[in-house]
Amino acid sequence: MTDLIHRIQGIVLLDGENGKRLFAKYYGEPFEGVLEKQKAFEEKLYAKTHNGGSIGSPKDGGDITLVDAHTVVFRLDPEIHMYVVGSVNENEIMISSVLVCLENTLYQLLNNRFEKRELLENFDLLTLVVDEMIDEGIILQDSSSEVFQLVSEHAAESADAVDKLKKVIKKAQEKASN
């Protein structure tokens with residue numbers, strides 16, 4: 001019987017210029033907790049796809065390749081290369097839907113500015129997006145509108161907490177100066 005729970009093995013974002021890691025989250029064997037294997041795999045990803053992939057819009061499903069017996073769906077942007085890694089037995093359409101959801105949600109959250117600098121300045125949003133989509137490798141959500149709504153709520157709550165903290169610090173500074 002086929003497993004009805006779809007899983008991925010990792011989400012990786014690499015710098016489009018030099019292939020260095022911008023973000024990576026791995027789930028389970030063989031990558032989780034083994035930095036050397038992760039880095040080696042990321043180098044292979046970049047080497048295999050950097051000049052061989054096409055730059056497309058988030059509406060496309062992305063390019064697909066096999067790397068070390070893993071199915072990889074990817075999208076190349078001049079600044080950021082995005083990869084979703086699955087087992088060789090996983091449904092490529094599901095892996096592709098994770099990539100499309102991730103990219104579309106980030107575009108919405110970053111106001112259609114998908115640039116390395118913007119992404120790094122909003123790293124917390126990236127981690128929230130991934131956490132809302134994936135739990136220990138299990139695909140929970142592949143609808144960008146749903147993920148956008150959930151992350152926007154968290155971001156608003158976080159912004160409120162930061163504002164409150166700033167007010168408390170300001171009051172404390174005022175009391176200390178009196």
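Colleague: Why is Lys-116 called partly exposed?

Modeller: In this predicted model, Lys-116 has a relative accessible area of 23%. Buried would require under 20%, and exposed over 50%. The value of 23% lies in between, so Lys-116 is termed partly exposed.

Colleague: What makes the contact of Lys-116 and Asp-15 a salt bridge?

Modeller: The N to O distance between the two side chains is 2.6 Å. The cut-off is 4 Å, so the pair qualifies as a salt bridge. Lys-116 belongs to helix α3 (residues 116-121) and Asp-15 to strand β1, so the pair ties together parts that are 101 residues apart in sequence.

Colleague: Is Asp-15 buried or exposed, and how do you know?

Modeller: The relative accessibility of Asp-15 is 6%. Since buried means under 20%, Asp-15 counts as buried.

Colleague: How do you know that strands β1 and β2 pair?

Modeller: Strand β1 (residues 10-15) and strand β2 (residues 21-26) are joined by 5 bridges in the antiparallel sense. Pairing requires at least two bridges, so these strands meet the condition. Within this arrangement, Leu-13 stands opposite Phe-23 of β2. The hairpin has 5 residues between its strands, and Gly-19 takes a positive phi near 80 degrees there.

Colleague: What makes Lys-25 and Asp-131 a salt bridge?

Modeller: Their side chains meet at 2.9 Å, N to O. This is within the limit of 4 Å, so the name applies. Distant parts of the chain are linked in this way: Lys-25 is in strand β2 and Asp-131 in helix α4, 106 residues apart. The relative accessible area is 31% for Lys-25 and 41% for Asp-131. Each value falls between 20% and 50%, so Lys-25 and Asp-131 are partly exposed.

Colleague: How do you know that the buried residues of α4 line one face of the helix?

Modeller: In helix α4 (residues 123-133), the buried residues are Leu-125, Leu-126, Val-129, Val-130 and Met-133. Viewed down the axis of α4, these buried residues fall within an arc of 135 degrees, so they line one face.

Colleague: What makes Arg-75 and Glu-103 a salt bridge?

Modeller: The distance from N to O is 2.7 Å, which is within 4 Å, so the side chains form a salt bridge. Arg-75 lies in strand β4 (residues 70-76) and Glu-103 in helix α2 (residues 92-109), so parts 28 residues apart in sequence are tied together.

Colleague: Why does Arg-75 count as buried?

Modeller: Its relative accessibility is 3%, under the 20% cut-off, so Arg-75 is classed as buried. Glu-103, with a relative accessible area of 2%, is buried as well.

Notes
Residues numbered from 1 in each chain as written. Predicted model: local features only at pLDDT ≥ 70, side-chain atom pairs only at ≥ 80, totals over all residues. Heavy atoms only, no water. Helix = DSSP H or I, 4+ residues; strand = E, 2+ residues; numbered from the N terminus. Buried < 20%, exposed > 50% of the residue type's maximum accessible area, 1.4 Å probe, protein only. Arc of directions from axis to C-beta.
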